[in-house]
Structure formats: structure tokens, C-alpha cells
Amino acid sequence: MQITILGAAGEVTGSGYLVQTARANVLIDFGMFQGRGAGDEKNREIDPVVPARLDAVVLTHAHLDHVGRLPLLTGLACAVHATHASCALAELILRDSAKIQEGDAARENRWKERTGATPDAVALYGTAEVDAIVSRMRGHDYEQLIEVADGITARFQDAGHILGSASVELRVTEGGTTKTVVFSGDVGQKCMPILRDPVPCPPADLVFLESTYGDRDHRPADETFAELRAILEQSAWQKRKVLVPSFAVGRAQLLLHVLAEIARDGRSPVVPVYLDSPMAIRATEIYNKFPDDFDDESRGLARSGQARREFANVNLCVTPQQSRDLNESWDPSIVIAGSGMCDGGRILHHLRHNLWRRGVQVLLTSFMADGSLGRKLVDGAKTVRIFREDVVVRADVRTVGGLSAHAGQGGLIEWFTGASQKPAAPRVVLTHGEDRQRGVLAQALTGLGGCTVAQPKRFEVIEI
Ligand SMILES: [Zn+2]
């Protein structure tokens, strides 16, 4: 069998693997390249994948950097396998992505027309291409053995990263022998609210392991949550307006969980909570449909109806006007809005109207990429530029680190070694991490003994 690395090699986006045997071609993830150097051209290039020749597509989870290029697979005639929750979230994310691609192309063409150039911008893909992929999605339970192609079975194991996230175990039979290959997907942190802990890697012949935070450990989750709760409770006593930039999938639901917990404890005044993101609202509704995928605590809250009652207390801002109504308000409130890195979305309007106000608090809990507005705020910028306007930062900007949806180095090693502390496979291939991060993780894994560690480049082929 040959496995070609299609992306996320020495970087954290564009995940994808093409698994080929004499009898079958299976694609694992097909994610979008994002951030620096990720132009349309890199995303459009689907070689060496030939959609019509694929026997199956298998998805680890519904983040854009794992599913975002699926609509480029025109002519796909096979099933796209994922957990039930991943199917629902992938549809939401792909439809949103198509809308963004179409909007960007239309805007560029208007600009080109104004400058006398030919309006030749074409969206990476649109709604029709997403419809085609969605119609091929097949939802599965965790731990179920699924025959996805001739001689290849797949099994999803909970990866604890976002709702529906999974590591994928492939058992591949060729010439009478069966080999096990595991794709970690993105591995979550232990002890995070809502989600179950990641299920450790099963014994395998070859493991593809993510390495996003391969060079460091996060501080313990309970410390992080205690800090987050303390800040929110103090803000409530101080009658502050609090702005919380948030990703729509995962982070928004986690924040709502913490806020519901604070309200339940009743140690601080009740403050109205606004979820100002149509995408986060829809993602939360999808989360609420899959309580069986939650950890024990959240499943209990869902089953008793308490989670539904608590969500009913959240003010949902669907229309732009509902969002604008909040801009000028000075009332104590908590506003959760996208985007997570403050590089777009409704949070920009909230920041423009409030950053200059003393007494307002901005609570940053997300990873902020270099160059993003969120990163500038984390770094203590005194003024920032929003919508071509310089805005003075007088608000109290607080950063809570450690809330990552990714395991740190210790968590990755624990996932890879399970309870035995012995490597799950003799060969491990590190992907989904910058070179520095995966280099440090490679050293740590080599130190365990018993496995060889590879750090391949994009399009490298692994033979087994
Ligand atoms: Zn992810």
C-alpha cells in the first residue's frame, strides 16, 4: 500500500492522505490550505487525486482544514464516510465556505470592472458543488467497523477535538496479510467540557500523528477554567460589558457551557449573554442534536432538559440589526461573536464601537495567528485599525491561554502510547504541525524507543 501526503506537512492546514492499494483508492480528509501562502492556486491543485477513481472518502472531523477542498472533487462517485455529527457539521461548514468563496469572487470582479480589468475571478467552489458532496455523505457511529472499499475497513474512534471528531483506523488487507494504519486526525485535550476524552491509539503498523502543539504542554484544564470563571464572575460584579471573540464551532459551545455553569452556581449577578453569530447558533443547534457524543456531565444536562432551558436564556442575534443594536449599548452583558481571531465577522463592529471605551472588557480565549487583529490585541497594541479607522484601545484586554482544542505534547504522547506507555506502532509519521513543533515531538517520541519517526514533505509517498 502507498500513502501520499496531500497537505499539512510542516504546516497545520490542508490535511489529506491518499491511500492506494492494487484494488482500491481511499482519500482520508481533503482540507483547505489557509493562512500565509495559501492562495487559490494551491487549493485548486487536486493532483494526484482523481475523483472518479476514488472508492471512498473518510473524514476525521468537520474543520475546514480537513474537509474544505471536498467540493473540488467534481465527478466523485463514491461515499463520503464520517461520524453522524461530522456529517452535520461538515455540511454547515462547507455551505458557509461556499458562500464566502462566491462572495469573494463577486467582490473581486466588481473591483476589476471598476478598474477596467476583465472580471475573471472564479469562486473556488459554490453551493452546487457543496450539494454534490453533501449528497454523498454517510454517517456512522463510533467504533463501528465499516467496509469502505475492497479489502479496506474503517473504524472511527473519538478524538475529543470537536463534536464528531475521530481518529480513523484503517485495516487494509493485501495478498492475504492485513495491516493497520491509524490517522490521528486532530487530537483533543483531556478533561475538556462537553467532549469525551480522546480514545488512545489502537495497536497499528503505521500511525499518522498530528503535531500542532508537539513542542509544549498546556497548563492543566481545571486551572484554565478556574481563571476564565473568575474573570467572568468579576466582570459581572463590576457590571462590565464583555466582548468575547469566538470560533463558531467548538469554542462558542464551550463558552456557553462555562457561562451556564456560572449562572447555575449563582455566585455572581446574572448578566445577559448574546450569541452574535448565525454560524455559531447553527453549530450549537447541531451540538444539541448529538448528546450521545457528549461526556457524562453534558449528556446528563441534555437528557434532563436543563441544557435546553439554559440555552433558551441565551439571546440569539440572527439578523445584522440585532447585532447593531448591541453596538451602542453600555449595559452589562457578554457578547460572543465571530470571528475567533477578529479578522472578520461581527466582532469587528463590536470592537470598533467599544475598544475605545474604558470599562469594557475584551476576553481573548482563542489561538491568534500572526498578523490577525486578535494577535495585536494579545500583544497589547495601543491603537488598532478597524474598517480603515484607527481605534484607541482603552478597554481592558484579558487573555486566557490553554483553552486549546488540541492536545499538548504530553497529551499527544499519551494518545500514541495509551496506558502501556509503549508506542502503538513501530512507525509514526508526524503531520499537521509546523516544522519546529513536529521536530520537538519527533525527539520526544524517539526518546521513548521502539518506533521510528518520519517528518515527510507534501506529496511524499509512504510505503508499507
Ligand atoms: Zn481540527
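These legends describe close-up views of a predicted model. Local features need pLDDT of at least 70 and side-chain atom pairs 80 or more, while totals for chains, interfaces and linings use all residues. Residues are numbered from 1 along each chain as its sequence is written, and side-chain values use heavy atoms, with hydrogens and water left out.

**View 1. Donors around the zinc ion.** His61 (NE2), His63 (ND1), His161 (NE2) and Asp186 (OD) coordinate the zinc ion at 2.2 to 2.3 Å. Donors are N, O and S atoms within 2.8 Å of the metal (3.2 Å for Na, K and Ca); water is not among the atoms, so sites may look incomplete. The spacing in sequence is H-x1-H-x97-H-x24-D.

**View 2. His63 and Asp186 at the zinc ion.** His63 sits in the loop between β4 (56-58) and α2 (64-67), and Asp186 in the loop between β10 (177-183) and β11 (206-210), so the pair ties together parts 123 residues apart in sequence. Helices (H or I, at least four residues) and strands (E, at least two) are DSSP runs, numbered from the N terminus. Asp186 is buried, at 2% relative accessibility (buried: under 20% relative accessible area, 1.4 Å probe, protein chains only).

**View 3. An open sheet of 6 strands.** The order is β14-β13-β15-β12-β16-β19, with parallel pairing (at least two DSSP bridges between two strands). β14 (315-316) and β19 (396-399) stand at the edges; each has a single partner strand, so one side of each lacks a neighbour in the sheet. Strand β13 (residues 273-276) pairs with β14 over 2 bridges. Leu275 has Leu316 in β14 as its bridge partner.

Methods:
Buried < 20%, exposed > 50% of the residue type's maximum accessible area, 1.4 Å probe, protein only.
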